[in-house]
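These are my notebook entries on a single protein model. I set down what I looked up, entry by entry.

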Amino acid sequence: MISAELKERYYLALLTKDSEYEGLFYVGVTTTGVFCRPTCPARKPKFENCEFYETAEQALLASFRPCQRCRPLSHPNHVSDVVRMLVEAVEKEPEKRWKAQDFRALSIDESTARRQFKKRFGMTFVAYARARRMGLALKHIRSGRTVIDSQLSTGYESSSGFRDAFSRIMGAAPTQVDEERVLKAAWIDTRLGPMMAVADEQALYLLEFVDRRGLEREVERLRKRTHSAIVPGTTEPIQSIARELTEYFDGKRTAFDTALFCLGTPFQKEVWDALLSIPAGETRSYQEIANAVGKPGAYRAVAQANGANQLAIVIPCHRVINSSGELGGYGGGLTRKDWLLKHEKQNRK
Ligand SMILES: [Zn+2]
């Protein structure tokens with residue numbers, strides 16, 4: 001998260017339209033729901049209505065849409081038509097999942113779109129569209145509103161397609177949850193970006209970075225396996241993990257005490273237990289974990305179980321690397337994996 005001091009500096013840069021800050025931060029304006037670059041010509045918002053982000057993706061994930069005037073997703077001097085068309089198309093239909101035929105319908109070559117997006121914004125178009133979709137769908141979670149209240153279901157209907165997007169990601173629409181079991185989902189801001197936590201009153205079921213590839217699928221699987229509706233809200237384990245994450249990121253904590261519920265096969269659970277025994281500040285190879293669970297030949301199955309972990313950071317799958325010493329994979333992205341490992345090494349007790 002951005003420090004209070006830095007926020008003040010960013011706000012000053014915003015007031016003075018200081019171009020030196022271009023690309024260093026983006027500002028989300030809570031009253032209008034748009035995000036801008038520092039030099040936006042529009043009237044400047046009050047400090048208390050500003051939220052600052054270091055990347056455009058973070059602003060999108062926090063449910064802001066790009067400003068029409070300063071076009072924060074475009075380079076000041078040149079915007080490719082392809083890119084502009086796609087950004088506009090996403091704004092028209094934020095819930096859409098883009099397929100090859102959608103590009104064809106716009107007469108856009110998919111690989112050109114991918115290349116141009118990546119070049120301009122450091123993320124692919126699909127990542128952009130996903131970030132915008134998730135940002136919108138999670139907006140209400142972020143504000144901590146409960147949808148169990150049937151009155152609110154009307155609100156969803158009126159907000160153009162949001163109800164559909166929400167149902168798709170979170171499970172049953174509020175009116176259908178009646179007798180089902182309910183898990184609560186909450187948004188937690190961390191310095192590595194927003195995370196989503198899902199829990200009941202007893203335990204934490206899921207903790208993932210919101211932009212994690214496949215998060216929607218993961219939530220869907222959790223919903224089905226637990227026969228639950230997942231609705232915005234908070235529970236004791238969510239409050240507990242939010243507190244513990246703050247301590248972890250502040251370097252004051254290396255292990256977590258929040259009760260966990262691990263949904264997996266007996267083999268996966270064995271692997272996850274082995275992960276929990278890796279001390280913070282250290283790493284193990286996939287092979288070492290395979291040895292630790294007594295199945296030295298099951299290297300691939302171990303890697304799969306590692307990737308199936310739904311409790312990021314808490315079950316430290318980021319502490320498993322390739323035998324060669326290379327980072328290997330990480331659902332939350334390699335930049336985060338690298339950051340977490342360095343952070344833990346620095347704070348090793
Ligand atoms: Zn603007």
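**Entry 1**

I began with β5 and β6, which pair in the antiparallel sense over 7 bridges. I take two strands as paired if DSSP finds at least two bridges between them. Helices (H or I, at least four residues) and strands (E, at least two) are DSSP runs, numbered from the N terminus. I note that the model is predicted: local features need pLDDT of at least 70, side-chain atom pairs count only at pLDDT 80 or more, and totals for chains, interfaces and linings use all residues. Residues are numbered from 1 along each chain as its sequence is written, and side-chain values use heavy atoms, with hydrogens and water left out.

A hairpin of 2 residues joins β5 to β6.

I then followed β6 (residues 193-199) to β7, where the pairing is antiparallel over 5 bridges. In β7, L206 is the bridge partner of V198, and L207 is the bridge partner of A197. These two strands also form a hairpin, with 4 residues between them.

V182 stands opposite A229 in β8.

Which order do the strands of this open sheet take? I read it as β7-β6-β5-β8, 4 strands with mixed pairing. β7 (204-209) and β8 (228-232) stand at the edges with a single partner strand each, so one side of each has no neighbour in the sheet. Neighbouring strands here are turned by 25° against each other on average, direction ignored. Axes are lines fitted to C-alpha atoms, for helices over the stretch in contact, and angles run from 0 to 180 degrees between N-to-C directions.

Helix α10 (residues 215-226) packs on this sheet and touches β5 (181-190), β6, β7 and β8. Its direction makes about 175° with that of β7. Contact means heavy atoms within 4.5 Å.

Is β6 mostly covered or mostly open? I found 7 of its 7 residues buried. Buried means under 20% relative accessible area, exposed over 50%, and partly exposed in between (1.4 Å probe, protein chains only).

**Entry 2: the sheet with β1 to β4**

I next looked up another open sheet, in which 4 strands take the order β3-β1-β2-β4 with mixed pairing. Its edge strands are β3 (50-53) and β4 (65-66), and each pairs on one side only.

β1 (residues 26-29) pairs with β3 in the antiparallel sense over 4 bridges. In this pair, Y26 stands opposite Y53 in β3. Helix α1 (residues 4-15) lies across β1 and β3, and runs at about 105° to β3.

**Entry 3: P38**

I located P38 in the loop between β2 (34-36) and β3. Is P38 buried or exposed? P38 is buried, with a relative accessible area of 0%.

Which residues does P38 touch, leaving aside its neighbours within four places in sequence? I listed A13, L14, K17, D18, Y21, E22, F25 and K44. One of these contacts, D18, is 20 residues from P38 in sequence, and the C-alpha to C-alpha separation is 6.7 Å.

**Entry 4: the whole protein**

I counted 15 helices and 10 strands in the protein. Of its 349 residues, 51% count as buried. Among contacts with a separation of 6 or more, residues 24 or more positions apart account for 64%.

The protein exposes about 17,200 Å², and carbon and sulfur atoms supply 48% of that area. Accessible areas come from the Shrake-Rupley method with a 1.4 Å probe; for residues, only the protein chains shown count as cover.

How many cavities of 30 Å³ or more does a search of the whole structure find? The search finds 1. On a 1 Å grid over the protein atoms alone, a cavity is a set of points where a 1.4 Å probe fits but cannot get out, and lining residues have an atom within 4 Å of a point. The largest cavity holds about 40 Å³ of space, a volume being the space filled by probe spheres set on the points. I recorded its lining as Y205, F261, C262, L263, W272, N309, Q310, L311 and I315.

How values were computed: 1 Å grid on protein atoms, 1.4 Å probe; cavity = no way out; pocket = protein on both sides within 12 Å on 5 of 7 lines; lining within 4 Å.
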